[in-house]
Amino acid sequence: MDKKQPVVAFLGPRASYTHQAAQSVFPPESHTLTPLMSIADCFAAVQNDKASYSVVPFENSSNGAVVFTLDLLADIQGLCGDVVVTGEIYLPVHHCLVGRVSGGEGGGTQAQSVSGSHDATGLLEKEPTESQQPHVRPTHDLSHIKKLYSHPQAWGQCKRFLSTHLKGIEQIDASSTSRAAELVAEDTTGTTAAISSKLAAEMSSLSVLADSIEDFEGNSTRFFILQRRDAVSPPPRQRSTPQTSQSDPQTQPPPEEASPAPAYKSLLSFTVSHTIPGALQRSLGAFNNHGINLTSINTRPSGEAAWHYIFLVEFEGRKGEGKVDEALKELEGAARGWRWLGSWEAWRGGREGWDSVFEQ
Ligand SMILES: O=C(O)C(=O)Cc1ccccc1
């Protein structure tokens with residue numbers, strides 16, 4: 001292997017969704033793709049110059065922000081102050097329930113029809129209404145499943161399936177969905193299952209007990225590409241929406257020749273005085289006053305005192321554009337402090353590309 005290839009760290013182990021996202025941008029022939037065990041490790045790898053790039057999950061279309069990533073961007077511990085965002089990647093996400101088939105090889109293949117059959121206490125919620133029903137049924141019996149593993153993001157994306165078919169079953173957080181599949185493969189009782197991709201199931205020699213168990217069609221996750229502030233070189237463009245466990249033709253980005261001039265997005269964090277009325281409004285007003293469109297706002301505890309916050313604001317544009325520079329000057333006077341967290345070329349499909357998926 002050529003040692004000079006740029007190292008691209010990602011939330012592993014291999015076959016995680018983050019791995020699939022990283023592969024869609026960084027050709028493995030010319031990059032050393034390196035799995036790490038946590039999102040914090042991915043930030044540290046860039047901060048400490050061990051990796052040129054890291055890829056981390058940022059937000060999901062149905063379940064919202066990944067708080068681990070927000071906290072590391074907010075960096076209240078001052079551990080990764082040199083890390084900035086320089087790219088975004090969109091990935092369609094189809095979750096599977098993976099594990100061992102009841103009774104071993106060739107076990108039952110009939111869908112389990114009893115909803116809530118695991119709720120021995122009878123104390124849990126009522127049967128889901130029709131609109132809360134999952135759109136798929138298991139392809140195998142699930143009555144032997146006693147414990148579930150997955151990344152915390154996955155629980156929130158598969159609520160309907162879990163509350164219908166695995167109600168009351170213990171859910172244990174894993175560092176990623178592919179790690180969850182590994183944990184299930186290591187369990188000799190055969191009574192655990194994971195939510196992961198089909199690819200992760202294949203890599204861990206597990207069976208798919210139910211396919212596409214996400215609540216919403218068009219479920220997708222946005223990932224950030226991270227680099228060191230002093231070594232920013234734009235990452236390659238996303239080559240295509242990667243082929244995940246199922247190909248999703250309607251979510252492919254538009255072809256190269258259809259692309260308009262690049263549009264940019266940027267991210268920064270700021271804190272405001274908690275004693276000056278209107279400080280938050282004036283800070284956000286700095287963007288509005290210069291015609292800048294905000295695309296997301298997230299809030300995390302600032303760590304200074306209870307109920308004090310750090311705001312993470314994403315907006316259209318980049319430094320060097322007159323209106324952005326003007327807004328930053330105004331923010332300087334309105335916020336107590338702020339920190340630049342990077343600019344990147346927005347994915348050309350934009351949010352609208354995904355909205356059209358949800359409309360179908
Ligand atoms: O756990 C993974 O495989 C990840 O890459 C994080 C994640 C989890 C759930 C949906 C999308 C990304």
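Reader: Thanks! To get started, how many helices and strands are there in the protein chain?
Author: The protein chain has 10 helices and 15 strands. Please keep in mind that this is a predicted model.

Reader: Good to know. And what share of the 360 residues counts as buried?
Author: Of the 360 residues, 43% count as buried. As for contacts with a sequence separation of 6 or more, 78% of them join residues 24 or more positions apart.

Reader: What domains does the domain assignment give?
Author: The assignment gives domain 1 (1-92 + 219-249), domain 2 (96-210) and domain 3 (261-360).

Reader: How many residues of domain 1 are in contact with domain 3?
Author: On the domain 1 side there are 16 residues, in contact with 16 residues of domain 3. Two elements, α3 (67-74) and β5, each give two or more residues to that side of domain 1. β5 gives the most, with 6 residues.

Reader: And what kinds of residues make up that side of domain 1, in terms of nonpolar, polar and charged?
Author: That side of domain 1 divides into 9 nonpolar, 5 polar and 2 charged residues.

Reader: Nice. Switching topic: which residues come nearest to the ligand?
Author: The shell around the ligand has 14 residues, and S16, T18, H151, S176 and T177 come nearest. The elements that supply two or more residues to this shell are α1 (17-25), β3 (53-60), α4 (152-157) and α6 (177-186).

Reader: Where does the ligand lie relative to the domains?
Author: The ligand lies between domain 1 and domain 2, because both of them give residues to the shell around it.

Reader: How do the shell residues divide into nonpolar, polar and charged?
Author: There are 5 nonpolar and 9 polar residues in the shell around the ligand, and no charged ones.

Reader: You mentioned α1. Is α1 largely enclosed or open, and why?
Author: α1 is largely enclosed by the rest of the structure, because 9 of its 9 residues are buried. Those buried residues are Y17, T18, H19, Q20, A21, A22, Q23, S24 and V25.

Reader: What covers the buried residues of α1?
Author: The cover includes the strands β1 (7-11), β2 (32-36), β3, β5 (83-92) and β11 (220-228), along with the helix α6.

Reader: Now the cores. Which residues have the most contacts inside the largest nonpolar core?
Author: They are V8, C42, V55, V56 and L226, in a core of 58 residues. β5 supplies the largest share of this core, 6 residues. Domain 1 and domain 3 both give residues to this core, so it lies between them.

Reader: Why might nonpolar residues gather like that?
Author: In general, nonpolar side chains in soluble globular proteins tend to be buried together.

Reader: Let's zoom in on V55. What does V55 touch?
Author: Leaving out residues up to four places away in sequence, V55 touches V8, F10, T18, A21, A22, I89, F223 and I225. There is also a second, separate core of 28 residues, which includes L148, F161, A180 and L206.

Reader: What about D49: where is it, and what is its phi?
Author: D49 sits in the loop between α2 (39-47) and β3. Its phi is near 60°, a positive value in a residue other than glycine. D49 is exposed, with 12 other C-beta atoms within 10 Å.

Reader: And S212: where does it lie, and what is its phi?
Author: S212 lies in the loop between β10 (207-210) and β11, with phi near 55°, which is positive too. S212 is partly exposed, with 18 other C-beta atoms within 10 Å.

Reader: Last one: what does UniProt list for residues 268-343?
Author: An unreviewed UniProt entry lists residues 268-343 as "domain: ACT". In the model, that stretch is 30% helix and 36% strand, and its end C-alpha atoms are 9 Å apart.

Terms used. Residues numbered from 1 in each chain as written. Predicted model: local features only at pLDDT ≥ 70, side-chain atom pairs only at ≥ 80, totals over all residues. Near = placed C-beta within 6 Å. Helix = DSSP H or I, 4+ residues; strand = E, 2+ residues; numbered from the N terminus. Nonpolar A, V, L, I, M, F, W, Y, C, P; charged D, E, K, R; others polar. Domains from an automatic or database assignment. UniProt positions renumbered as here; feature names shortened; annotations may be inferred. Buried ≥ 20, exposed ≤ 12 C-beta atoms within 10 Å, placed from the backbone. Contact = placed C-beta atoms within 7 Å. Core = buried A, V, L, I, M, F, W, Y, C linked by C-beta atoms within 7 Å.
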